[in-house]
Amino acid sequence: MSGRSDRIVPLAVKIVVSGGLGVGKTTFIGAISEIEPLDTEAAMTQVSVGVDSLEGVESKTTTTVALDFGRITLDPTIALYLFGTPGQDRFSFLWDDLVEGALGTVVLADTRRIEECFPAVDYFESQGAPFVLAVNRFDGAERFELEEVREALGLGGDVPVVECDARERGSVRDVLGALMDRVIGVRGAAPKRRVALVR
Ligand SMILES: Nc1nc2c(ncn2[C@@H]2O[C@H](COP(=O)(O)OP(=O)(O)O)[C@@H](O)[C@H]2O)c(=O)[nH]1
Ligand SMILES: [Mg+2]
């Protein structure tokens, strides 16, 4: 007996889930994670009243103070590890560490409060990191064409804009699939052609 195991150890891929407060990050990770999601929901106290904008998310009484974490094995060779960013801007100093080594990001958006995802979009654009913009469909929210959302956020044509229901496992899976396609597309893209400047 060699003691060796033929068990395939899946490649671990780090994915970040971002967006503003109450856009559905915890729900998104919880819907797909095959392990009990490790989240750090803390009851919102009077302290955050007037600090965290809850307009439009009146039913929300907990908030993520550190991070959400979950795992989904796509096939025997690849496992995605999902890390949610804390929603409040005042925690964005944590993002540099959180995104280190990440292959790509899902930025969730709520069209009732689209401005909530501006900091995330700005951040990941400035990093030059591949991301997809997932419009989380909330009940009663006005419907916008995905191209309108792209325009409102000033996203380039290369950023996939998809819709999702963060409560639905299949929907979350589709978003992650779009992100993986985007990541592979970025990696497989032909190198930029450069032409010498000569007269
Ligand atoms: N209708 C609807 N509600 C959602 C969806 N995603 C999240 N929610 C609800 O929105 C609230 C905020 O979601 P949560 O995941 O805590 O947001 P987070 O602050 O980004 O982690 C919760 O009450 C969720 O149940 C969705 O896709 N559709
Ligand atoms: Mg949360």
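1. A residue counts as buried when its relative accessible area is under 20%, as exposed when that area is over 50%, and as partly exposed in between. In this predicted model, Phe144 has a relative accessibility of 29% and therefore counts as partly exposed.

2. Phe144 sits in the loop that links strand 7, residues 131-136, to helix 4, residues 146-153. When neighbours within four places in sequence are left aside, the residues in contact with Phe144 are Thr111, Arg137 and Val149. Thr111 stands 33 residues away from Phe144 along the chain, and yet the C-alpha atoms of these two residues are separated by 7.7 Å.

3. With a relative accessibility of 56%, which is over the 50% limit, Glu145 counts as exposed. Glu145 also belongs to a patch of negative charge on the surface, in which it gathers with Glu142, Glu148 and Glu151.

4. Arg150 is to be found in helix 4, and because its relative accessibility is 14%, which is under 20%, Arg150 counts as buried. Not counting residues up to four places away in sequence, Arg150 touches Leu155, Gly156, Gly157, Val159 and Val161.

5. From Gly22 to Ala109 the separation is 87 residues in sequence, while the distance in space, taken from C-alpha to C-alpha, is 9.4 Å.

6. As to the overall fold, the chain contains five helices and eight strands, and the order of these elements, read from the N terminus on, is β-α-β-β-β-β-α-β-α-β-α-β-α. If one considers the contacts between residues at least 6 apart in sequence, 72% of them join residues that are at least 24 apart.

7. The chain has 199 residues, of which 43% count as buried. Its accessible surface comes to about 11,500 Å², and 53% of that surface belongs to carbon and sulfur atoms.

Key: Residues are numbered from 1 along each chain as its sequence is written. Chains are lettered from A and ligands numbered from 1 in the order in which they are written. This is a predicted model: local features need pLDDT of at least 70, side-chain atom pairs count only at pLDDT 80 or more; totals for chains, interfaces and linings use all residues. Side-chain values use heavy atoms; hydrogens and water are left out. Helices (H or I, at least four residues) and strands (E, at least two) are DSSP runs, numbered from the N terminus. Buried means under 20% relative accessible area, exposed over 50%, partly exposed in between (1.4 Å probe, protein chains only). Contact means heavy atoms within 4.5 Å. Accessible areas come from the Shrake-Rupley method with a 1.4 Å probe; for residues, only the protein chains shown count as cover. Patches are made of residues with over 30% relative accessible area and no salt bridge: like charges are joined within 9 Å, nonpolar side chains (Val, Leu, Ile, Met, Phe, Trp, Tyr) within 5 Å. A salt bridge is a side-chain nitrogen of Lys or Arg within 4 Å of a carboxyl oxygen of Asp or Glu. Lys and Arg count as positive and Asp and Glu as negative; His and the chain ends are not counted. The place of a charge is taken as NZ of Lys, CZ of Arg, CG of Asp or CD of Glu.
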